[in-house]
Structures are given as structure tokens and as C-alpha cells.
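Biologist: I have a chain to look at and some questions. Shall we go through it step by step?

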Amino acid sequence: MKKSYSLIMAIILALCLISAPVMAKKAGEIKDKVYTDKDYKFSMQIPEGWSTKIGKDNRPDRMALDEKSYPYPQHFQGGGKEDYAQIPMMIVLVDTCSIPVDKFLENLLDSKYKSGQKKYFMKKLRLISKTHEILKQKDITFHKAKAIQIEARQAYSIEVAERGSDRADVVSDFKGGAMFLTVRDGKIFVFHMIYEYTYNMQYQDTFNRLISSLKFE
């Protein structure tokens, strides 16, 4: 009995030691406020005041960011209503891609186009996953590759109640955001940000500075 128990414990320990390095693998690392991706060899500056969560190296979502302290529109101020406001967030996605960047974006926006990759991406790209309005779209050359940058907004209506109260007010407004997409070496890179549209100018500036810091080896 003791031998069997010892053998089982030895096997469990061995499996833990084998799996530990795999479980610990992250998509990249942050040093001196710069994120560097281990597999795809790109780096970007982390904005001041934003927290980060690095993804696993075997998944398209490489990193997510959200702002620690952020402004609220008037209808979300006081009484715990701040919880209803959209937290300024950003996600970085990278995956294999065999088509040009403009065709990739076209497929994302085409309600009739279906694929497993699109389904996965649209779960993450909250700005365009529901009915939305593209305000600006421009093609640019970025590090010798074609890229597309869009600015969009998404209407919402939500019941907002104060803590400890049964009464709720319905408020309507917009969420705003930006996306940057480029295809390089058979990979699609997508940078997606969402926030309350009231502060669009502020976060468009943050997004542009972040993209300007993006570097590829």
C-alpha cells in the first residue's frame, strides 16, 4: 500500500514539474514600461496609469490593458453609478493571416462572413461586435506594411440605479474607440481600444501615442 501511494505521489510530482514551465509561459514581458512580445517580436510603450495582463503564448490575445483611474460621464457620477461606466480598455490580438489587411477588416465587418477566427476575434473586439458607426477610416503605411486605423462609436441605453435604491434611470450615450490593424509576415496584428465617447479626444490621443510607440524587429 505504501509503495503504491509513493508511486502515485511520484507520478503527480513528475507531472507537475513537466507542466509547470508550460503553464508559466507568457506571451511576453514588460520591462521599463515597455511590453515586448516573445514570439512575434514587437514592442510597445505601456501608457502611464494603466494596468496590464499578459496573455499565454499559445493564444491570439497577447495583452490586455485597462486604466486604473478614469473620468466618468455626468450620468454615472455618485451613488455607486460609476460601476456602469465603460472602463477604458485595450487588447492586443495576433494570429495567422493569409489575406491582405483590408480584406481581413472587410470580413470582420461583414455579417454574412463566418469563420472560427472571426468568431474568436469578435468576442474580444467589443467596439465592433454590436451595431456601430465608423466615424473615420484611413489607410497608412506603417513600418513598410499596409495598415488601417479606424475610429468608431457604439450607441447604448442602460438602466442606472444608485446603490441601495430600487429606482433606476435610463441613460443613452455612446461608447467610443479605435482600432489599428496590419498584416506582417503572415500574421494579423490588431490593437483595439474602447472607452466612453464623451472623452473621445483624450483617448484618441492616448491610442495614437501608443501606436506611435509600436516597433517591430
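Biologist: What percentage of the 217 residues of the protein chain count as buried?

Modeller: This is a predicted model, where local features need pLDDT of at least 70, side-chain atom pairs count only at pLDDT 80 or more, and totals for chains, interfaces and linings use all residues. Residues are numbered from 1 along each chain as its sequence is written, and side-chain values use heavy atoms, with hydrogens and water left out. Buried means under 20% relative accessible area, exposed over 50%, and partly exposed in between, with a 1.4 Å probe and protein chains only. Of the 217 residues, the buried share is 40%.

Biologist: How many helices and strands are there in the protein chain?

Modeller: Both are DSSP runs, numbered from the N terminus: helices are H or I with at least four residues, strands are E with at least two. The count is four helices and eleven strands.

Biologist: Which residues of helix 2 are buried, and where do they lie around the axis?

Modeller: The buried ones are Val101, Phe104, Leu105, Asn107 and Leu108. The arc is taken from the directions from the helix axis to the C-beta atoms. Here the buried residues of helix 2 fall within 160°, so they line one face of the helix.

Biologist: How do helix 2 and helix 3 lie relative to each other, parallel or perpendicular?

Modeller: Axes are lines fitted to C-alpha atoms, for helices over the stretch in contact, and angles run from 0 to 180 degrees between N-to-C directions. Helix 2 (residues 101-109) and helix 3 (residues 116-124) pack at about 75°, with axes 10 Å apart. Angles under 35 degrees count as roughly parallel, over 145 as roughly antiparallel, 65 to 115 as roughly perpendicular and the rest as oblique. The two helices are therefore roughly perpendicular.

Biologist: Which residues of helix 4 are buried, and on which side do they sit?

Modeller: Asn200, Tyr203, Gln204, Thr206, Phe207, Leu210 and Ile211 are buried in helix 4. They cover an arc of only 160° around the axis, which puts them on the same side of helix 4. The face turned away from that buried side carries the exposed residues Met201 and Ser212.

Biologist: Is Lys56 buried, exposed or partly exposed?

Modeller: Lys56 sits in the loop between strand 4 (50-54) and strand 5 (61-67). Its C-alpha atom is 5.0 Å from that of Ala27, 29 residues apart along the chain. With a relative accessible area of 39%, Lys56 is partly exposed.
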